[in-house]
Amino acid sequence: MNGAGNAFAVFDARSTPFAPTADQVRQIAADLQADQVIALERDATKDVFMRIWNSDGGEVAACGNGARAVAHLILEETGKPMVTIQTEADMLKGFKADGGLVTVDMGSPLMGWEDIPLAEKMDVRGVDVKVGPMDNPTLSRPAVVSMGNPHAVFFVKDVDAYDIPALGPLVEWHPLFPEGTNVGFAQVIDKETIRLRVWERGAGLTKACGTGACAALVCAARAKLTGRKARLVLDGGTLIIDWRESDDHVYMTGPVEMEFETVI
Ligand SMILES: N[C@@H](CCC[C@H](N)C(=O)O)C(=O)O
């Protein structure tokens with residue numbers, strides 16, 4: 001499946017056990033060109049449990065576009081108007097939206113430096129990370145936030161002017177991020193539009209990153225660069241991110257596609 005171009009291999013582990021080794025995850029991701037491998041598991045109280053591995057084989061707690069893909073499957077399967085998805089990070093809710101799109105309530109962003117987590121206390125609106133020459137850095141002071149996974153967002157003038165495969169890894173495993181971080185390159189076009197490219201922790205440059213889009217909107221709105229609702233234009237498609245004042249939750253809406261089904 002894909003969510004705005006973010007590619008997933010989704011295994012139904014509710015009836016057939018699926019406990020891949022890291023090597024097997026890497027092989028599946030390489031064979032199917034997936035950014036993440038996802039397993040649907042039974043959950044005692046929610047409609048489904050979603051387990052997530054990055055293409056490097058590491059298990060992670062959150063995946064926004066993956067949650068929209070899983071929501072689509074379970075909404076179709078159950079015919080319910082709303083489905084609940086448990087992840088290691090949070091309980092998410094999925095709904096159908098107009099035009100065949102799928103919305104997931106991603107919950108509240110976490111803003112504390114320990115929540116990201118950072119290695120030391122720092123102002124999350126701009127942390128002490130620089131890339132490039134000390135006196136004239138190529139990138140500096142990303143805003144950070146957790147959407148159940150860590151994100152560092154650089155606000156730049158022209159997102160296409162950056163060699164993301166060269167720069168992303170330098171930030172992904174910077175010592176300030178003990179668990180690594182996803183790295184966003186965000187260009188604010190206007191108060192309602194952000195162009196975004198994301199170097200994903202454990203997966204590299206993807207066509208879209210759902211939690212990355214939520215993180216970019218939260219950081220932009222927090223800095224008053226945009227309002228609380230915006231279109232996030234990624235390489236693989238557009239996501240609408242709405243950080244609602246009423247409940248502090250971030251709602252993500254966008255396209256989902258089933259590409260093919262197979263047996264491995
Ligand atoms: N593609 C995802 C994010 C997947 C996990 C991420 N790479 C991490 O390591 O936290 C999304 O849509 O959010």
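Leaving aside its neighbours within four places in sequence, which residues is Cys63 in contact with? Gln36, Ile52, Gly210 and Thr211. Contact here means C-beta atoms, placed from the backbone, within 7 Å of each other.

Some ground rules. This is a predicted model: local features need pLDDT of at least 70, side-chain atom pairs count only at pLDDT 80 or more, and totals for chains, interfaces and linings use all residues. Residues are numbered from 1 along each chain as its sequence is written.

Now the overall picture. The protein chain has four helices and 19 strands. These are DSSP runs, numbered from the N terminus: helices are H or I with at least four residues, strands are E with at least two. The radius of gyration of the chain is 17 Å, close to the 18 Å from the globule rule for 264 residues, so the chain is as compact as a globular protein of that length. That radius is taken over C-alpha atoms, and the rule is 2.2 Å times the number of residues to the power 0.38. Along the principal axes, the C-alpha atoms fill a box of roughly 55 × 40 × 30 Å. Of the 264 residues, 45% count as buried. Buried means 20 or more other C-beta atoms within 10 Å of the residue's own, exposed means 12 or fewer, and partly exposed is in between; C-beta atoms are placed from the backbone. Take the contacts with a separation of 6 or more: 62% of them join residues 24 or more positions apart.

Next, the domains. The chain is divided into domain 1 (2-103) and domain 2 (130-252). Those bounds come from an automatic or database domain assignment. The C-alpha centres of the two domains lie 22 Å apart. Across the interface, 21 residues of domain 1 are in contact with 21 residues of domain 2. On the domain 1 side, α2 gives the largest share, three residues. That side divides into six nonpolar, eleven polar and four charged residues. For the classes, Ala, Val, Leu, Ile, Met, Phe, Trp, Tyr, Cys and Pro are nonpolar, Asp, Glu, Lys and Arg are charged, and the others, Gly among them, are polar.

The UniProt annotation "active site", from an unreviewed entry, covers Cys63 and Cys209. They are spread over 147 residues of sequence, yet cluster in space, with a largest C-alpha distance of 7.9 Å. UniProt positions are in the numbering used here, feature names are shortened, and annotations may be inferred rather than shown by experiment.

Cys63 sits in the loop between β5 (59-60) and α2 (64-78). Is Cys63 buried or exposed? Buried, because 31 other C-beta atoms lie within 10 Å. Cys209 sits in the loop between β15 (204-206) and α4 (210-222). Cys209 is buried too, with 36 C-beta neighbours inside 10 Å. Beyond four places in sequence, Cys209 is in contact with Asn6, Asn182, Val198 and Glu200.

Then the ligand. It is surrounded by 19 residues, the closest being Gly64, Asn65, Asn149, Gly210 and Thr211. Near means a C-beta atom, placed from the backbone, within 6 Å of the molecule. The shell draws at least three residues from each domain. α2 and α4 each supply at least two. α2 has the largest share, three residues. By class, the shell has five nonpolar, eleven polar and three charged residues.

Key. Two residues are in contact if their C-beta atoms, placed from the backbone, lie within 7 Å.
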